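Please keep the sequence and the model open while reading.

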Amino acid sequence: MVLGRVRAVFLDLDNTLIDTAEVSKLLMSKYQYEESEACIISEKVQVRFSQECYRKSKLSITDLRISHWEKAIQETRGNEPIRELAKECYLLWKSTRLQHMTLSEDIKSMLTELRKEVRLLLLTNGDTQTQREKIEACGCEPYFDAIVVGGEQEEEKPAPSIFYHCCDLLEVQPGDCVMVGDTLETDIQGGLNAGLKATVWINKNGIVPPKQSPVPHYVISSVLELHGILKKIDYLPTMSA
């Protein structure tokens, strides 16, 4: 961890905004899946979204995402892949995701307060159209000093170059910055690769990562705990109530 005052925080809230509730309802009501099965499928899909390598895939973004659902269903139920069901799940998710994509008032308040102390940058991987649609839908742009979408850059997380680009945008050095995200392989590994001051992993489900996973400097269960962690790192002033 690099010494010095935190001047900027890079955040990836993308997976915080993924909502698969409507698909879970579909699986339970129309296809008689158990609630536990529907939850597991949704969790697996969210992991696949977070690790999506659309640039390396020969599939279209639509076919790639249908395959996420197809594999998640197969892994959970153990049956043969059901392409039509996976397609139905994806299309339902796609049609409802923008409606459910929003920042809670608690998160808005936290970002507003944090921005009084540090510069904030939203850093997310993914293709341009998909990510920009989500950014517009959730109305998060006013809460950040800059937004960087991986699909608009030569390289995405965990490549150091995209983090250096973020530093240049905010006119800060890597040692001034903290990366906060919920994906070890991209957010945390990328922050480590770029030599940032610290990395913070949002482990909202309390999962135990594989032994070979990147090791973050700090772990929180909700992004709302971020200010407390930054105080530990940098002794930021206490937020007003």
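Two strands count as paired if DSSP finds at least two bridges between them. The structure is a predicted model.

## Strand β1 and its partners

Strand β1 pairs with two other strands. With β2 (residues 119-124) the pairing is parallel and runs over four bridges; Leu122 in β2 is the bridge partner of Leu11. With β4 (residues 177-181) β1 likewise pairs in the parallel sense, over four bridges. There, Cys177 of β4 is the bridge partner of Ala8.

Both faces of β1 are covered. Ala8 and Phe10 are buried on one side, and Val9 and Leu11 are buried on the other.

Leaving aside residues up to four places away in sequence, Thr20 touches Ser42, Gln46, Trp69 and Trp93.

## Salt bridges

The model has 14 salt bridges. One of them joins Lys44 and Glu75, with 3.4 Å between the closest N and O atoms. This pair links distant parts of the chain, as Lys44 is in helix α2 (residues 35-50) and Glu75 is in helix α3 (residues 61-77), 31 residues apart. Lys44 has 28% relative accessibility and therefore counts as partly exposed. Glu75 is partly exposed as well, with a relative accessible area of 44%.

Glu70 and Arg83 form another salt bridge, the closest N and O atoms again being 3.4 Å apart. Here helix α3, which holds Glu70, is linked to helix α4 (residues 83-100), which holds Arg83; the two residues are 13 apart in the chain. Glu70 is buried because its relative accessible area is 15%, whereas Arg83, at 34%, counts as partly exposed. The side chains of Lys116 and Glu113 also meet in a salt bridge, at 3.1 Å from N to O. Lys116 counts as exposed because its relative accessibility is 57%. Elsewhere, salt bridges that share partners join Asp12, Lys157 and Asp187 into one network.

## Aromatic pairs

Phe49 and Trp93 form a stacked pair, with 4.6 Å from centre to centre and 25° between the planes. The pair links distant parts of the chain: Phe49 is in helix α2 and Trp93 in helix α4, 44 residues apart. Both Phe49 and Trp93 are buried.

Tyr90 and Trp93 form a tilted pair, with 6.0 Å between centres and 35° between planes. Both residues belong to helix α4, where they are three residues apart, about one turn of the helix. Tyr90 has a relative accessibility of 3% and so counts as buried; Trp93 is buried, with a relative accessible area of 3%. Through these ring pairs Phe49, Tyr90 and Trp93 are linked into a cluster. Trp93 is also one of the residues that Thr20 touches.

## A charge over a ring

The model also places a charge over an aromatic ring. The charged end of Arg77 sits over the ring of Tyr33, at 4.1 Å from the ring centre.

Key
Residues are numbered from 1 along each chain as its sequence is written. This is a predicted model: local features need pLDDT of at least 70, side-chain atom pairs count only at pLDDT 80 or more; totals for chains, interfaces and linings use all residues. Side-chain values use heavy atoms; hydrogens and water are left out. Contact means heavy atoms within 4.5 Å. Buried means under 20% relative accessible area, exposed over 50%, partly exposed in between (1.4 Å probe, protein chains only). A salt bridge is a side-chain nitrogen of Lys or Arg within 4 Å of a carboxyl oxygen of Asp or Glu. Rings of Phe, Tyr and Trp (its six-membered ring) pair if their centres lie within 6.5 Å; planes under 30 degrees apart count as stacked, over 60 as edge-to-face and the rest as tilted. A charge sits over a ring if NZ of Lys or CZ of Arg is within 6 Å of the ring centre and within 35 degrees of the ring normal.
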